[in-house]
Amino acid sequence: MIALARTAMVALAATTVITSAATQAQQPPGRSTPPAPPMNPFETPIEATRDAITVNVAEFATIPNAGDDWPRLMTLVDEPGSRRLFVSTMQGMLYSVSYDGRTVTPYLNVTDTQWGHPVEPRGNERGLQSIAFHPQFAQSGAPGYGRFYTWFDTTTSTTAAADFTPLGDGHTHDTVLLEWTARNATSPRYDGDAPRPVFRAVQPFANHNAGHLAFNPLARLNTPEFGLLYIGVADGGSGGDPYNHAQNLASGFGKILRIDPLGRNSRNRQYGIPADNPFANDGKDDTLGEIYAYGLRNPQRFSWDARTGTMYVADIGQNVVEEISPVTRGANLGWNRWEGSYRHANRRIEMTSPRSEAGLTWPIAEFDHTDPLLGRSAVTGVYVMREGAVPALRNKVIFGDNPSGEIFYVDADRIPDGGQAPLRRVLLNDGGTGTTLLQIIRARNAATGKPAAPRADLRMGMDGQGRLFLLNKRDGVIRVVVP
């Protein structure tokens, strides 16, 4: 059995943490944390009109509802070998979508009882979080032929041993990484057998669960990077990382992991640990070789700049700071000692002496929960637009905010040094007026006789042509940014 904590449980630091009303209900038993006072490290609000870009959007495809619920769109990935986009929903469905958006086909119901791994789509944070297709998915005879991966929250009703465990009590549910293998990669529907479990993690709290899955699309065959799967794992939940997972190299929570899904040198022999991972060969028994980067709270989405190769992550903050940060091999992004550029301790962030600890990786862009444009916030994204048919977006780092539906950019060739002053808005053209995704969703809700969505729950996707897609959990529509 692999444990995310290979050593005995460490003593917890006596630290009270900032907690919002949403997270107070998820505190460890016996803990009670009153609301923290409001903080605002960025005194100058985001400038609503300065250098704002207005782009056109079109409805590209519509995914069917899940019974009485919206499909809650989560991930869109391009599979160029079979010339399809694949879209996942939080409830556990995968759909294939043609490149012109006209054909939407159910590909796989992950939560079907025949597979034995029910998806648990509770609340806004649990469910099928992400999907990734092996770069050799459509290459007949290759080791990765037909293989793809799902990363989702499931129940605890299993006899399967946990591979990764937290450093404290509590067990609300599990998250599981599965490998699926299609017999025919071009089949309109999944035609393979039951999936192979790669690993299972015990979740101590209901929030901050699985994160993003992705293969580096820049990696080339016969290079060490090719076919390696990056896996975002949040800090285990509650508020403030009460078990200090993110800074503990014996824990896989609060990390980006990097594995070879076709290898077999892990403890459970179901995946490989790349030899060039930063802690794979450090000679220490109490570090996890799977770790690529650490000090993350909730790595919601990540991607790579096609020109520079830089990896960027959108890491959801606690109550104050949302951040976009670069990720390098062995990087420490600071959580839970730091929230963005500011020290996090004693129920609040300290606004003096920002970035005053050596050896950490700091955000390129940050924004504040109390900004007038936003309200409560959770960063999402992130893509660097280098190509594509919309010139206004080229050479921009694009990311967004939930639940406001705001979209922002910073200059990809003049990367800023943190803060929210460099942020500029991307507005969506609605009949000549620049608006937000949430406003467009609500307009469609009204047109279809549905109640107005309370939030946007934005997700993004990009295909090999450089097209930027906007997904959300509230109307089932995939939108694409167009010239």
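This is a predicted model: local features need pLDDT of at least 70, side-chain atom pairs count only at pLDDT 80 or more; totals for chains, interfaces and linings use all residues.

Modeller: In the model, the count of aromatic pairs comes to 28. One of them joins F86 and F137 in an edge-to-face arrangement, with 6.5 Å from centre to centre and 75 degrees between the planes. F86 belongs to strand β3 (residues 84–89), while F137 is found in the loop between β6 (128–133) and β7 (147–154), so this pair ties together parts that are 51 residues apart in sequence. F86 has a relative accessible area of 0% and is therefore buried, the cut-off being under 20%. F137 likewise counts as buried, because its relative accessibility is 0%.

W115 and W180 form an aromatic pair too, again edge-to-face, with 5.3 Å between the centres and 85 degrees between the planes. W115 lies in the loop between β5 (104–109) and β6, and W180 in strand β8 (residues 173–181); the pair therefore ties together parts that are 65 residues apart in sequence.

An aromatic ring also takes part in a contact with a charged group: the charged end of R297 sits over the ring of W335, at 5.7 Å from the ring centre.

Notes:
Residues are numbered from 1 along each chain as its sequence is written. Side-chain values use heavy atoms; hydrogens and water are left out. Rings of Phe, Tyr and Trp (its six-membered ring) pair if their centres lie within 6.5 Å; planes under 30 degrees apart count as stacked, over 60 as edge-to-face and the rest as tilted. Helices (H or I, at least four residues) and strands (E, at least two) are DSSP runs, numbered from the N terminus. Buried means under 20% relative accessible area, exposed over 50%, partly exposed in between (1.4 Å probe, protein chains only). A charge sits over a ring if NZ of Lys or CZ of Arg is within 6 Å of the ring centre and within 35 degrees of the ring normal.
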